[in-house]
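Hi,

Here's the structure I said I'd pass along.

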Amino acid sequence: MKLSIPLLAVAALLVASVNGDFHCGRSDGLCQNGGSCDLDTGVCACAATFTGYDCSAVMAEVDKGNCNSTSTCQNGGTCHSNGTSYTCLCPEEYIGTDCNTLRYEVTCSPDSMSLEITPFVPSFLGTIFVEGNQGKAACTFTDNGGVQRINITDINADCGNATFDSATGTSTRCFYVLFNPNTFTSRDQRICAVCGAGDTINKTIGAVNVTVIDSDLDSRTLGNTPLDSDVDMALYVNGSAVTSPLQLGDLVLINISLSADGLKRFDSIRVERCVATNTLAANNVNYKDAKFIEGSCKSTDLGLLMVNDLNGTVTGGPEVTFGFSAFKFIYGSSVDVTCAVRTCQRASACAPVNCTAGENTGYGRRKRQAEGSEDKVLRGMYTIGERQTSDTTAVQKKEETAECTMDSKMITTVVALSVGLLLVLLLCIILIVKAILSRTTVYRDDTSSSTTHLPHLPTLVSNKM
């Protein structure tokens with residue numbers, strides 16, 4: 001069917017000029033020169049003398065030195081020079097020394113598309129795949145020197161067929177960009193490439209429709225499952241215990257504290273380890289796990305999703321509270337969090353661990369001097385519910401608008417046809433009346449003419465006699 005459509009944009013390279021590609025929470029060190037990352041918004045707060053979305057440009061060097069007519073920062077890139085050479089700070093959708101390479105590129109042909117993506121991280125360790133086809137090699141991008149690539153036909157038995165719109169002559173495919181190969185987070189991307197009239201790439205951040213991904217997987221029971229009477233563990237969102245499905249990116253607080261019984265025996269606690277799993281059996285081929293805390297310190301597995309210590313915000317007493325941005329694993333919509341906690345009668349036994357030189361940044365708190373300690377294990381669980389992508393919402397609104405537009409057009413057409421028929425009917429009536437009147441006038445003329453000549457007839461007859 002597509003072959004009957006005129007060849008549109010063969011070998012044409014297009015990319016949408018959409019902002020929002022940069023999020024400093026996707027990798028360590030994206031905020032340069034001492035800048036700090038707001039993990040919620042993904043925006044860097046730069047030191048006073050630096051600028052740029054990643055704090056890489058020195059304010060005093062912007063448009064200075066070698067930044068003149070010979071510099072070649074393209075596509076809106078900002079030039080800054082240290083006096084001997086210049087550097088371009090590229091807009092988020094461009095890369096390269098002179099900002100002349102698109103971060104997202106699609107090449108369209110009559111029956112396929114090729115897509116190249118350069119993720120906005122120093123070293124991409126995640127995965128990119130055709131929507132609904134995670135884990136399939138034929139549907140997964142391959143790395144080529146930091147550029148992720150795929151070439152896929154519109155009719156494809158492995159990855160499903162592209163969505164073809166016969167009205168516009170366009171084919172659409174959507175892809176997921178996961179910056180961690182095992183998890184979905186609100187910082188990941190859903191990208192839809194459209195080949196045809198006005199080829200585009202539409203990008204959304206944090207818009208992952210988990211129902212499409214895991215439609216065949218069951219949800220698990222929500223809630224908290226403390227396994228020890230001395231220590232309580234609870235999951236909170238917006239100040240309330242988790243009792244319903246969450247959305248990707250929701251701020252989840254885990255509060256671990258001594259219970260009323262525990263306060264009678266212990267004075268302090270320290271979180272030794274917290275691990276998240278996708279609730280599947282450990283021997284299941286799709287089992288996934290990742291650590292929040294290891295050795296009482298923030299783990300590199302999920303550390304970028306965690307916010308700073310938030311102690312004493314939910315309950316009183318010796319406690320540890322940490323927060324993180326809600327996520328899910330690529331298999332399963334439920335996340336189980338298991339924490340190993342040390343309870344101490346002697347305060348020094350639960351002293352915070354030095355995770356970095358000179359700082360007590362471990363997940364532990366002291367109350368008063370005591371003796372003895374015990375290790376406890378606690379669990380909590382949450383589920384990620386369906387989140388409709390902005391693209392889907394836009395499509396629904398477009399369909400609703402199209403239906404309304406179609407209804408309006410149909411009404412207008414019916415009214416126009418009715419008016420037209422009425423005019424034709426009136427015209428016919430006028431013509432009929434005119435014809436009748438014309439015949440009546442002719443008859444009268446003929447009658448008048450006969451009456452005029454009759455008086456002469458007797459005279460003619462009289463002369464002949």
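This is a predicted model: local features need pLDDT of at least 70, side-chain atom pairs count only at pLDDT 80 or more; totals for chains, interfaces and linings use all residues.

Below is what turned up when I went through it.

**Overall picture**

The protein chain has 465 residues, and 40% of them are buried. Its secondary structure comes to 31 strands and 4 helices. If you take the contacts with a sequence separation of 6 or more, 60% are between residues 24 or more positions apart. The accessible surface is about 24400 Å², with carbon and sulfur atoms accounting for 55% of that.

**The cores**

The largest nonpolar core is made up of 41 residues, and the ones with the most contacts inside it are Ile256, Phe292, Phe324, Phe327 and Tyr382.

Leaving out residues up to four places away in sequence, Phe327 touches Phe292 and Tyr382, along with others including Thr183, Phe184, Leu248, Ala276, Leu302, Val335 and Ile384.

**Salt bridges**

The structure holds 8 salt bridges.

- Arg149 with Glu116: the closest N and O atoms are 2.9 Å apart.
- Glu294 with Arg273: here the closest N and O atoms are 2.7 Å apart. Glu294 sits in strand 25 and Arg273 in strand 24, 21 residues apart. Both count as partly exposed, Glu294 at 37% relative accessibility and Arg273 at 38%.
- Arg379 with Asp336: the closest N and O atoms are 2.4 Å apart. The partners are 43 residues apart, Arg379 in strand 31 and Asp336 in strand 29. Arg379 is partly exposed at 31% relative accessibility, whereas Asp336 has 4% and so counts as buried.

Besides those pairs, Asp230, Arg265 and Lys376 are linked in a network of salt bridges.

**A polar residue in a loop**

Asn156 lies in the loop between strand 14 (147-153) and strand 15 (163-165). Is Asn156 buried or exposed? Its relative accessibility is 16%, so Asn156 counts as buried, the cut-off being under 20%. The side chain of Asn156 makes a polar contact of 3.4 Å with the side chain of Thr153. Setting aside neighbours within four places in sequence, Asn156 is in contact with Asn161 and Arg173.

**A nonpolar patch on the surface**

Last stop: a surface patch of nonpolar residues formed by Ile411, Val415, Val419, Leu422, Leu423, Leu425, Leu426, Ile429, Val433 and Leu437. Together they have about 920 Å² of accessible area. One of them, Leu423, is found in helix 3 (residues 390-453). Leu423 has a relative accessible area of 53%, and it counts as exposed because the cut-off is over 50%.

That's the lot from my side.

Cheers

Methods:
Residues are numbered from 1 along each chain as its sequence is written. Side-chain values use heavy atoms; hydrogens and water are left out. A nonpolar core is a set of buried Ala, Val, Leu, Ile, Met, Phe, Trp, Tyr and Cys residues joined through side-chain atoms within 4.5 Å. Buried means under 20% relative accessible area, exposed over 50%, partly exposed in between (1.4 Å probe, protein chains only). Contact means heavy atoms within 4.5 Å. Helices (H or I, at least four residues) and strands (E, at least two) are DSSP runs, numbered from the N terminus. Accessible areas come from the Shrake-Rupley method with a 1.4 Å probe; for residues, only the protein chains shown count as cover. A polar contact is a pair of N or O atoms within 3.5 Å; within protein, one must be able to donate a hydrogen and the other to accept it, and residues adjacent in sequence count only if both atoms are side-chain atoms. Patches are made of residues with over 30% relative accessible area and no salt bridge: like charges are joined within 9 Å, nonpolar side chains (Val, Leu, Ile, Met, Phe, Trp, Tyr) within 5 Å. A salt bridge is a side-chain nitrogen of Lys or Arg within 4 Å of a carboxyl oxygen of Asp or Glu.
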